[in-house]
Amino acid sequence: MIDPMVEQIAAIHARIKRAAERSGRDPAEIRLIGVTKTHPAEMVARALAAGIRDVGENRVQEAEQKIAMLAAERPQLRWHLIGHLQSNKARKAAHLFDWIHSVDSLRLAQALSRAHEGDSSAQVTQILLQVNVSGEASKEGFDLAGWEERPEALAAFITDAEAIAALPGLQLRGLMTIAPIGSPEEARPHFRRTRLLRDLLAERVPQADWSQLSMGMTDDFEAAVEEGSSMVRIGRAIFGAR
Ligand SMILES: *Cc1c(COP(=O)(O)O)cnc(C)c1O
């Protein structure tokens, strides 16, 4: 019997493809991350069997257990941390995750870099800088609300980005944002402003690779793809309600 999850995933891929085509983008540039937070390791195994290779979790402890249970599958999976990370868990996170989307301070990036000191392998952590361009109550992410009119906030962010780009053990790959709760059309300007910020960083901090934009969830991923997202983080549309 075919797992119904296979169909759910195919439907998401089809929607990503149509959104990419509407905006003249190559659908192959967009990575689907299955967000398995709150679901057990068996759900991750099912997702893997259904073709998911990128898995998103928002808590270090919860992910640690699943990663341990799926040790045999580790080479086939890329684990992404998408939730807030405290500096005291940086060492653990740096070794558990392939990607960390939620880097929101220079201090945290430095802690992640230090975690790789003395690593014998050439392993690096791929990181994204989480930005808050909406000024919404949620305080996570670098504060870039209204960055177009706040040259000093932008300059401070660029200084931090330059320092982070130079840290060993990390590879800076782009930006991540979470749109405020609302309709896709309400989310769209936040996605667009995040992309414009990324384009500016690519000019001002050319030593880093700014190719990645992690934007879009179940309720707004098509608008995010139309505005340039390269990583959509989808939970409920694949795995059901939490
Ligand atoms: C939970 C979560 C998602 C997935 O949300 P859905 O609405 O279930 O698709 C994406 N990104 C982050 C940061 C999350 O915490």
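How do the residues of the lining of the largest pocket divide into nonpolar, polar and charged?

## Basis

This is a predicted model, where local features need pLDDT of at least 70, side-chain atom pairs count only at pLDDT 80 or more, and totals for chains, interfaces and linings use all residues. Residues are numbered from 1 along each chain as its sequence is written, and side-chain values use heavy atoms, without hydrogens and water.

## Pockets

The lining of the largest pocket has six nonpolar, seven polar and five charged residues. Here Ala, Val, Leu, Ile, Met, Phe, Trp, Tyr, Cys and Pro are nonpolar, Asp, Glu, Lys and Arg are charged, and the others, Gly among them, are polar. The lining totals 18 residues, with I178, A179, P180, I181 and M217 nearest the centre. Strand β5 (residues 125-132) gives the largest share, three residues.

The second largest pocket has 13 lining residues. Nearest its centre are V35, K37, I82, M217 and R242. A pocket is an open set of points on a 1 Å grid over the protein atoms alone, where a 1.4 Å probe fits, with protein on both sides within 12 Å along at least five of seven lines; lining residues have an atom within 4 Å of a point.

## Helix α2

Helix α2 spans residues 41-49, with A41, M43, V44, A47 and L48 buried (under 20% relative accessible area, 1.4 Å probe, protein chains only). These buried residues fall within an arc of 155 degrees seen down the axis, so they line one face of α2. The arc uses directions from the helix axis to the C-beta atoms. Helices are DSSP runs of H or I, at least four residues; strands are E runs of at least two, and both are numbered from the N terminus.

Note on methods
Buried means under 20% relative accessible area, exposed over 50%, partly exposed in between (1.4 Å probe, protein chains only).
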